[in-house]
Amino acid sequence: MTRSLGTNFANSLAADEIQPFFAVEMDFSGGAIRLWGGYGNLTIGGDTYTGGADFLKISEVDETSEIKAAGISVQLSGIPTSLIATALIEAYQGRDITLYFGTFNSSGVVNDTPYVLFKGRMDVMSVTENGDTSFVTVSGESRLIDLEIARERRYTSEDQKIDYPADKGLEFVADLQQKELIWGGK
């Protein structure tokens, strides 16, 4: 993902006073849910984000120079118990979750396009009930988690022909396994 910032956004980060916000977009099968950490509605790139204010909690984002899979969690509280069944049957695993970081200018308008702080896939949804209301927490995993999945593919002629039946590029690999090669001599 690119790490470029718009001019107005970069200038707002260098200012003496900053008005930051976080917004999250979760792509559920029934439609995207867009929330931000303030009150009222916020429009970003033509999409409307509903204010989650005190009901929205976003975990810290761990970003390092190492290549490793890190995740986030987004918690929404105050959900009526009657809506929990809907949340539990929703198809969400493997679908996109994006966390944005943005700033407002002095007039309360969003500066440029918010920065994509995290982009990954939704993994697990947990529900905690507490009397009349509930908490729903959705965890998101980085796409780097795919690097930890073992692949059942091999560099053999048979395996190559699964995708390319006429390919003969790996035809002699088996013969090369025990082949003795002498370099630089007669």
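Let's start at Arg34. At 22% relative accessibility, Arg34 counts as partly exposed. Here buried means under 20% relative accessible area, exposed over 50%, and partly exposed in between, with a 1.4 Å probe and protein chains only.

Before going on, the ground rules. This is a predicted model, where local features need pLDDT of at least 70 and side-chain atom pairs count only at pLDDT 80 or more, while totals for chains, interfaces and linings use all residues. Residues are numbered from 1 along each chain as its sequence is written, and side-chain values use heavy atoms, with hydrogens and water left out.

Back to Arg34. Arg34 forms a salt bridge with Glu25, and their closest N and O atoms are 3.1 Å apart. A salt bridge is a side-chain nitrogen of Lys or Arg within 4 Å of a carboxyl oxygen of Asp or Glu. Glu25 counts as buried, at 17% relative accessibility. Arg34 also meets Asp47 in a salt bridge, at 3.7 Å, N to O. That pair links distant parts of the chain: Asp47 sits in strand S4 and Arg34 in strand S2, 13 residues apart. Helices (H or I, at least four residues) and strands (E, at least two) are DSSP runs, numbered from the N terminus. Asp47 is partly exposed, with a relative accessible area of 27%.

Next, Asp96 and Arg143. Their side chains meet in a salt bridge at 2.5 Å, N to O. Again the pair links distant parts: Asp96 is in strand S7, and Arg143 is in the loop between strand S9 (133-142) and helix H3 (157-163), 47 residues apart. Asp96 is partly exposed at 28%. Arg143 is partly exposed too, at 33%. As for shared partners, salt bridges join Glu25, Arg34 and Asp47 into one network. How many salt bridges does a search of the whole structure find? Four.

Now the rings. The search of the whole structure finds five aromatic pairs. Rings of Phe, Tyr and Trp (its six-membered ring) pair if their centres lie within 6.5 Å; planes under 30 degrees apart count as stacked, over 60 as edge-to-face and the rest as tilted. Take Trp36 and Phe104. Their ring centres are 5.8 Å apart and their planes stand at 75 degrees, so the pair is edge-to-face. Trp36 lies in strand S2 (residues 31-36) and Phe104 in strand S7 (residues 96-104), so the pair ties together parts 68 residues apart in sequence. Both Trp36 and Phe104 are buried.

Tyr49 and Tyr100 come next. Their centres are 6.4 Å apart with planes at 90 degrees, so this pair is edge-to-face. Tyr49 is in strand S4 (residues 47-51) and Tyr100 in strand S7, so parts 51 residues apart in sequence are tied together. Both Tyr49 and Tyr100 are buried. Ring pairs also link Phe21, Trp36 and Phe104 into a cluster.

One more residue: Ser77, in strand S6 (residues 71-80). Buried or exposed? Ser77 is buried, with a relative accessible area of 16%. Not counting residues up to four places away in sequence, Ser77 touches Asp54, Phe55, Ser134 and Phe135. Contact means heavy atoms within 4.5 Å.

Finally, the whole chain. There are four helices and nine strands. The C-alpha trace spans about 80 × 45 × 30 Å along its principal axes. Buried residues make up 27% of the 186 residues.
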